[in-house]
Amino acid sequence: MGTNGAGKTTLLKLLAGMLKPSKGRVYLCGYDTREVDESLTARFIGYVPQNPWLLVFNPRVIDEIAFTAKNFGLDPAEAEASILDVATRLDIVHILNRSPYTLSEGEIRRVVLASAIVHKPKLLLLDEPTAGLDNVLKDRLIETIKSLSRDYGVALVLATHDVEILPLLRDFRLVVLRDGAVAFEGSVGEALENPSVFYDSGLQPPVGVRISEKLGAYIDFYGVDPVANLLLSRKKLRDRICR
Amino acid sequence: MQVTELILRNLVSLSRYEYRDRAIHRVHPVAKIALVAVSLGIAIAMDCSDVLLALAVLATLAVYSLGLGRVASLTLSVLVVFAPMVLFVYLYSLVALGFSTEVLASATASIAVALARIVVMVLSFSILLLTTRPQSIARVLNRARVPYVYVYGVVMALRLILVLISDMQEIYMVQRIRGLKTPKGLVSRIKSYLALFIPMVISALNRADELSLSLELKGFGYKPVRSYLYVEEVGLADIALVSLTIGLLFITLLL
């Protein structure tokens, strides 16, 4: 996680072997990415870029997903089973025969995700997977990614500046970047309990954390817990919090 | 590093303006355009010694303006792009004229001069485009009575090319991660290029659409005349560059 320009995408590209480190080493399944061509390490990786439209070129969604499967030499039966399985989990079976260019933002993101995971990589890298999605779609996509990663045994790395998805990723490890350097490393839970992690890196904590901060400040100031105080109407409570 | 990556990276850097606190960045665009015109003339019409002189002058100026690393990288990319043509000329000369030391020496000399001509053109354009604000070029052309709508069209096309090449780099890298390989057969190879070409076209159309919309919203083209925020002034550096250009022109004409 980090603000714009913090180095999230660069880090993902380094992990994927798309960029070679000028200092230090990146080992991917035992291969030093500086010494091997990315075509060798590509089969271990599923990569979903920030702009999903950069990947799409096939006339039908199913061809788009099958493209990756064919490239990595899955036999037809295995590829078909894998495509169906992934499509079912991502709820895109009904659009498999449609043109990708007629899909909504949420649908195209799921298609690109399906094409990144169909060959069952060991590492799935997602760059801003929730960009441009509404809250309902965001939550659904994150839950799907988590369940896919769990069932397929894929390690998951998400790069995002969307703090609102953090409560869904409580059991994840969080690395906050600032100006290309690690500003915080720990669990998501730790970060949520210590909002200064976000402020120090130029981010804002999730809305829930900010509300609880304001409630805490309210209790400190008035000596009254507004939630516990049943005499206070909801409207008054909201007005006071907002003020 | 992959050859394709090197070429794409250099294509991106070929016309990307970056400000540096050097005298050449403050030189009036007209002086640089004059240098480009003279360099082009020498590269196209003059003989070997003139071209080599122009190359030496431009290389020195380019190293000063852009840095040795960037100039070396640009030159290397030009050589890589033209390598197949060089190979063809060698083979054709040897097959058509027969293998002998004279033919080999003559072919080598001709190819070296041809490459020097191309490098002269690339360096002169790089000096202009990499050290001049696009708006300044637009303003100068506008003052030469070229309508600003067309001038900005050209400047924006230049910038859009950069963005598209940068998209191309991204598409190339991402499709390779998806396992895209370059097969050996011609048909398969062309088919594999569709994975790069189609997303590239879609991305170009999307960007052009966004750009035209944002220009319209900013009132672009509503009035025939417009004002400019920056005005370039003539200074000592301009006189030095114009003198250098005139000197180069006279020496090559007299040599």
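1. Let's start with Thr245(B): its relative accessibility is 4%, so Thr245(B) counts as buried (under 20% relative accessible area, with a 1.4 Å probe and protein chains only). Thr245(B) sits in helix α10 (residues 236-254) of chain B; helices here are DSSP runs of H or I, at least four residues, and strands are runs of E, at least two, numbered from the N terminus. A polar atom of the Thr245(B) side chain is 2.8 Å from the backbone oxygen of Leu241(B).

2. A word on the model: it is predicted, so local features need pLDDT of at least 70 and side-chain atom pairs pLDDT 80 or more, while totals for chains, interfaces and linings use all residues. Residues are numbered from 1 along each chain as its sequence is written, chains are lettered from A and ligands numbered from 1 in the order in which they are written, and side-chain values use heavy atoms, leaving out hydrogens and water.

3. On to the interface: 22 residues of chain A are in contact with 20 of chain B (heavy atoms within 4.5 Å). By class, the chain A side that touches chain B has 14 nonpolar, four polar and four charged residues; Ala, Val, Leu, Ile, Met, Phe, Trp, Tyr, Cys and Pro count as nonpolar, Asp, Glu, Lys and Arg as charged, and the others, Gly among them, as polar.

4. Three salt bridges link chain A and chain B (Lys or Arg side-chain nitrogen within 4 Å of an Asp or Glu carboxyl oxygen). Arg176(B) makes one with Asp37(A), with the closest N and O atoms 2.7 Å apart.

Conventions: Buried < 20%, exposed > 50% of the residue type's maximum accessible area, 1.4 Å probe, protein only. Polar contact = N/O pair within 3.5 Å; in protein donor to acceptor, adjacent residues only side chain to side chain.
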